[in-house]
Amino acid sequence: MNKNWKIIVPVLTLCMILVGIGVMGIYQTKESKHPQIANAANITDKSFETETSTSQPSTAEKEEEPNSDPKREVLEQYYELGVVKENVNYLNIREMPTEDSLIIGKMPKYCGMNILDKLSDWYYVQSGDIVGYVSAEFVATGTEAETLAVENCSKMLQVIPETLDVHKEPSEDSPVWSKLNQNERYLIKDQVDDWYLLDFNSEDAYVSAKDVVVGYYLPKADGWTSVKDCSEPRRELIEYGMQYLGVPYVWGGTDFSTGVDCSGFTLLCYAHIGITLPRTSYTQVNEGTLVSLEDAKPGDLMFYTDAEGTVNHVAIYIGDGKILQSANSLHQVTISAYNYNTEPYAIKNIIGD
């Protein structure tokens, strides 16, 4: 029995080896005749890997994504954005959707608005505190409006308290030069510790950072009604000046095509009605007759001073407590409250009526 077992075991082992070799040969033959079957599993795995990598980018890929432009914050201020197109100096806001309706406000180039309703040729809009109708022809919407908004918004501060002290130096111990009104906005020139530096009528001025909110803003509409109850030269003066809303402030500028400073603006407006003024605000203040605020008429000049009391700014009074000025603090020709930063130092009747 033991001898037979010794013979049988090697024979069985050899048979098992031969059977294994035969099975492998059959499998290889099938693989060579149908290679697509052999590759099917690999194709499925690669497809899964591709889908996984697409849906879940690697950390390196995430880091390569461009950072969000902080200027896009301006879009969050509007729920249906409209922007005055770039080929428009200013756009009238009217009381009703007709060309002969009363003008109740002005919107400079790139002014932002919420579109409240759409008519065939008019939009009913809100910008700042003004609500009325504007011609749809001059308003960008959708993607075009978003692009214009992001490209043309400015980083500005907005005043939180009812009034905010303006200092000559970045210190509470520095004398108060003037005051800003609640919700007014100003371009930021620089930041010094907890203070913001402003370009204030061509003079450096500081306000406390704790009393303002900083963000990206578009221009907003200014309320204004057509000039009434004044002489024709005064009406012509103001209507001429209104054409240049949005023209950039340029120190020393006396050309509407390239930009004007405050006195350059008044110089050109008065020249239009045949009155020659000296070049600077501190020489223009010597012209005309001094009048009180109560007696001021549209077209009179209002003068303002720096912290030392020297005249350094001039604007045109347009009635209803508003002035038309080339404002360095906003870098453009704009409409403002007559006491937008301080009470006027002097009001002069230049026209003479």
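First, a word on colouring: pLDDT is the predictor's confidence in each residue, from 0 to 100. You're looking at a predicted model, and its protein chain averages a pLDDT of 84, with 81% of the residues scoring at least 70. Now select residues 26-65: the pLDDT there is below 50, and the stretch has 3 contacts in the model beyond near neighbours in sequence.

Next stop, helix α6, residues 262-272. It is mostly covered, with 8 of its 11 residues buried. Among the buried ones are Cys 262, Phe 265, Cys 269 and Tyr 270. Step just past α6 to Gly 274, which takes a positive phi of about 85°.

Time for the rings; the count comes to 6 aromatic pairs. Show Tyr 240 and Phe 256, an edge-to-face pair at 6.2 Å centre to centre, with 65° between the planes. Tyr 240 belongs to helix α5 (232-242) and Phe 256 to the loop between β17 and β18, so this pair ties together parts that are 16 residues apart in sequence. Both Tyr 240 and Phe 256 are buried.

Now jump to Tyr 304 and Tyr 340. Their ring centres are 5.8 Å apart and the planes sit at 70°, so this pair is edge-to-face. Tyr 304 is in strand β20 and Tyr 340 in the loop between β23 and β24, 36 residues apart. Tyr 304 is buried at 0% relative accessible area, and Tyr 340 is buried at 3%.

The lysine lies over the face of Trp 177, at 5.2 Å from the ring centre.

Note on methods
Residues are numbered from 1 along each chain as its sequence is written. This is a predicted model: local features need pLDDT of at least 70, side-chain atom pairs count only at pLDDT 80 or more; totals for chains, interfaces and linings use all residues. Side-chain values use heavy atoms; hydrogens and water are left out. Contact means heavy atoms within 4.5 Å. Buried means under 20% relative accessible area, exposed over 50%, partly exposed in between (1.4 Å probe, protein chains only). Helices (H or I, at least four residues) and strands (E, at least two) are DSSP runs, numbered from the N terminus. Rings of Phe, Tyr and Trp (its six-membered ring) pair if their centres lie within 6.5 Å; planes under 30 degrees apart count as stacked, over 60 as edge-to-face and the rest as tilted. A charge sits over a ring if NZ of Lys or CZ of Arg is within 6 Å of the ring centre and within 35 degrees of the ring normal.
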